[in-house]
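User: I have a structure open and would like to talk it through before I plan anything. Could you walk me over it?
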Amino acid sequence: MTETTDTRWLDADEQETWRAFLWTSRLLNEALDRQLQRDSGMPHAYYMILAMLSESPGRARTMTELAEIVYSSPSRLSHAVNRLEEAGWVRRTKHGADRRTTIAELTDAGYAALAEAAPGHVAEVRRHLFDPLTRDRMLEFRETLHALLAVLDPDREAPCARELG
């Protein structure tokens, strides 16, 4: 490693924080994915797509809006929605006023799958993320996450409670 005077290396506390964040986020995502795969046969990314559609007006969004909400590339979202269509959980249609725009809509079967998966998912989120924290620590953690999101995605408004599911 080449040392330069311009590099702001992480000090020991920052390095410990960085690694704790990396391992925590990885292990949390793996735990949530494992639980959803085991109990509902879907990856966490698919669950989030279904959840965001369920909270949308008419349970539908344009593919562009949906990609922004779930922080996905259009191609990755398209692949996921293909799988969700195959399962009968999402249907794609063309926008009535603009045929170039594709709408993803949560089907009744998709809503039922989401409703069945939600209790186990929420229990896992609670067990790994909220139960270990006091209310005050959870609120501090939320503020920290909002500060980081503001830097990582400055054009996006702070997520509302419904988008954090």
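Predicted model: local features only at pLDDT ≥ 70, side-chain atom pairs only at ≥ 80, totals over all residues.

User: Fine. How many helices and strands are in the protein chain?
Analyst: The protein chain holds 6 helices and 3 strands, and along the sequence these elements come in the pattern α-α-β-α-α-β-β-α-α.

User: What box do the C-alpha atoms fill, and what share of the residues counts as buried?
Analyst: Taken along the principal axes, the C-alpha atoms fill a box of roughly 55 × 35 × 30 Å. The protein chain has 165 residues, of which 26% count as buried.

User: Is α2 mostly covered or mostly open?
Analyst: Helix α2 is mostly covered, since 9 of its 11 residues are buried. The buried residues of α2 are His44, Tyr46, Tyr47, Met48, Ile49, Leu50, Ala51, Met52 and Leu53.

User: Let's switch to charges. How many salt bridges does the count come to?
Analyst: The count comes to 7 salt bridges. One of the bridges here joins Glu105 and Arg91, with 3.3 Å from N to O. Glu105 sits in strand β3 (residues 102-106) and Arg91 in strand β2 (residues 90-94), so this pair ties together parts that are 14 residues apart in sequence.

User: Which residue does Glu85 bridge to?
Analyst: Glu85 forms a salt bridge with Arg92, and their closest N and O atoms are 2.9 Å apart. Glu85 is partly exposed, with a relative accessible area of 30%, while Arg92 is partly exposed with 23%.

User: What about Arg38, which side chain does that one meet?
Analyst: The side chain of Arg38 meets that of Asp39 in a salt bridge of 2.9 Å, N to O. Why does Arg38 count as exposed and Asp39 as partly exposed? Arg38 has a relative accessible area of 59%, and residues count as exposed because their value is over 50%. Asp39, with a relative accessible area of 44%, is partly exposed.

User: Changing topic to the backbone, what is the phi of Arg59?
Analyst: Phi of Arg59 is near 55 degrees, a positive value in a residue other than glycine. For context, most residues other than glycine have a negative phi. Arg59 lies in the loop between α2 (44-54) and β1 (60-62), and Arg59 is partly exposed with a relative accessible area of 22%.

User: What is phi for Tyr71, and where is that residue placed?
Analyst: Tyr71 has a phi near 50 degrees, again a positive value in a residue other than glycine. Tyr71 is placed in the loop between α3 (63-69) and α4 (74-86).

User: Last topic. Which residues form the nonpolar patch on the surface?
Analyst: Phe141, Leu145, Leu148 and Leu152 form a nonpolar patch there, with about 380 Å² of accessible area together. Among them, Leu152 is placed in helix α6 (residues 135-152).

User: Is Leu152 buried or exposed?
Analyst: Leu152 counts as exposed, at 70% relative accessibility.

Methods: Residues numbered from 1 in each chain as written. Heavy atoms only, no water. Salt bridge = Lys/Arg side-chain N within 4 Å of Asp/Glu carboxyl O. Buried < 20%, exposed > 50% of the residue type's maximum accessible area, 1.4 Å probe, protein only. Helix = DSSP H or I, 4+ residues; strand = E, 2+ residues; numbered from the N terminus. Patch = residues over 30% accessible without salt bridge, like charges linked within 9 Å, V, L, I, M, F, W, Y side chains within 5 Å. Areas by Shrake-Rupley, 256 points an atom, 1.4 Å probe, with all protein chains shown as cover.
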